[in-house]
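My notes follow in the order in which I checked them.

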Amino acid sequence: MLARTLLFLHTSKGKALFSTHIVPDKPILVRDFIHSALYHPTHGYFSQSPASVGVLHKTISFKNLQGRKAYMKYLDNVYKQNDIAWFTPVELFKPWYAHGIAESIMRTANLSVPLKIYEIGGGSGTCAKGILDYIMLNAPTRVYNNMTYISVEISPSLAEIQRQTVGEVRTHLSKFRVECRDAADRSGWGDVDQQPCWVIMLEVLDNLPHDLIYSENQVSPWMEVWVGKKHDRETHSELFKPLQDSLITRCVEIMDWEKDHSNQSGSVSMARSIWSKVFPKPRRCWLPTGCLRLLEVLHGVLPKMSLIASDFSYLPDVRIPGERAPLVSTKKNGSSLDYGSYLDAKGDADIFFPTDFWLLERIDHYCSGQLKMHKDNSSKQGKKRRTITLDTSSFMEEFGLPTKTRTKDGYNPLLDDFKNTKFYLSVPTHNIK
């Protein structure tokens with residue numbers, strides 16, 4: 001079973017109020033529509049959902065479960081008892097999921113300097129507590145005593161839950177703090193920090209705002225998509241404009257980098273042009289502009305950061321057209337319902353995207369300055385970052401303890417049910433000797 005399908009089997013039965021206030025009187029970019037549909041303080045999905053992230057009160061004892069059927073039954077009972085929207089992987093597999101992340105940090109970090117960790121969107125604080133627990137028990141005492149763990153959390157209610165979770169171990173509190181702000185807002189970071197640090201983002205990229213671009217056929221130029229109100233002011237429609245937004249333009253530049261620097265022959269280009277005239281096919285492409293904005297900020301203020309990100313590499317049964325299109329999911333009469341258009345989401349639905357990990361790597365290199373250094377297509381001397389993308393199962397087999405999430409018959413939900421999730425690791429080359 002695919003991970004997101006499993007996680008959304010148990011969406012909260014509370015029904016969000018439908019809103020027509022997502023779009024103002026003037027047209028807005030798709031990313032602003034999505035941001036408003038998800039995060040508007042009054043009408044947004046996450047503002048209206050009473051409980052979007054749950055906290056398990058005890059660790060699941062996988063070794064006492066017979067197999068997949070027993071695990072699914074146990075999970076179903078847990079969701080019913082807690083009446084929440086969904087549990088994150090770090091929650092379902094605590095403490096082992098967080099311990100795997102902590103081990104990957106300890107193997108790579110320079111422990112001769114104070115360890116500093118930022119977590120973007122820390123949820124219930126389970127990851128923070130698990131990492132602090134692991135380092136307290138497995139690292140030299142001086143590493144734990146001198147470390148700092150900073151959660152950057154936009155939700156005040158989640159920020160308070162994180163403080164409570166981490167505070168279960170009193171010695172953690174002197175190392176941990178929550179900064180309640182938007183991580184993509186440069187003004188909240190203060191001065192540039194030149195010290196090495198780690199940034200963790202678990203299931204953050206999938207809910208970041210995206211933009212949409214459109215082309216009439218295979219060779220026509222891309223156009224920006226805007227969302228405006230129709231004359232009835234109750235429904236929305238798309239408007240198309242030439243590319244002019246700087247964030248969209250930069251994202252398209254990164255996306256087309258390989259194509260622009262390949263030695264494509266003139267005959268191939270001519271054939272494509274002829275084919276587009278005979279068989280014209282409109283194109284739609286979703287751009288992770290929210291990710292680009294966030295990484296531009298992070299690389300600007302934390303130039304020596306190492307990054308660990310985990311998210312969904314693809315999503316099943318997506319009905320919305322376009323490359324990297326999102327799944328728009330809501331709850332109707334206790335059952336899950338997927339919309340066929342993102343415009344139908346007006347505060348009553350979650351909007352989440354698959355992560356193109358190849359494009360994520362390109363954005364990471366771009367924001368670090370590496371792609372800008374090599375616009376002449378020269379050799380890669382001076383490469384600024386080393387990166388690797390791993391399946392979740394590969395990551396956990398390397399850094400975690402997969403035997404802890406295995407049932408009696410050998411079924412392992414962490415390794416077997418999360419086939420559509422990956423980890424992305426990125427470290428500055430000057431931290432590796």
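**Cysteines**

I searched the whole structure for disulfides and found zero. The model is a predicted one, and I read every entry below with that in mind.

I then took C251, which is in no disulfide; its nearest cysteine sulfur belongs to C291 and lies 8.0 Å away. C251 counts as buried because its relative accessibility is 0%.

I looked up C285 next. Its closest cysteine sulfur is that of C251, at 8.2 Å, which is too far for a bond. A disulfide would need the two sulfur atoms within 2.5 Å. C285 is also buried, with a relative accessible area of 1%.

**Helix 6**

I checked the length of helix 6, residues 96–108. Its 13 residues should span 18 Å at 1.5 Å a residue, and the end C-alpha atoms are 19 Å apart, so the two values agree.

How many residues of helix 6 are buried? I counted 10 of the 13, so the helix is largely enclosed by the rest of the structure. Among the buried ones are Y97, H99, E103 and M106. G100, I101 and S104 are also on that list.

I went to strand 3, residues 148–153, and found it mostly covered, with five of its six residues buried.

Strand 3 is joined to strand 2 (residues 116–120) by five bridges, and the two run parallel.

**Second largest pocket**

I looked up the volume of the second largest pocket and got about 290 Å³. Its lining is made of 15 residues. L56, K94, K129, T165 and E168 are the ones that lie nearest the centre of the pocket.

Which helix gives the most to this lining? I found that helix 7 does, with four residues. Helix 7 (126–138) and helix 9 (156–166) each supply at least two residues.

I sorted the lining by residue type as well. The second largest pocket has four nonpolar, six polar and five charged residues in its lining.

Terms used: Residues are numbered from 1 along each chain as its sequence is written. This is a predicted model: local features need pLDDT of at least 70, side-chain atom pairs count only at pLDDT 80 or more; totals for chains, interfaces and linings use all residues. Side-chain values use heavy atoms; hydrogens and water are left out. Buried means under 20% relative accessible area, exposed over 50%, partly exposed in between (1.4 Å probe, protein chains only). The expected span of a helix is 1.5 Å times one less than its number of residues. On a 1 Å grid over the protein atoms alone, a cavity is a set of points where a 1.4 Å probe fits but cannot get out, and a pocket is an open set with protein on both sides within 12 Å along at least five of seven lines; lining residues have an atom within 4 Å of a point. Grid points are joined across faces, edges and corners, and a volume is the space filled by probe spheres set on the points. Ala, Val, Leu, Ile, Met, Phe, Trp, Tyr, Cys and Pro count as nonpolar, Asp, Glu, Lys and Arg as charged, and the others, Gly among them, as polar. Two strands pair if DSSP finds at least two bridges between them.
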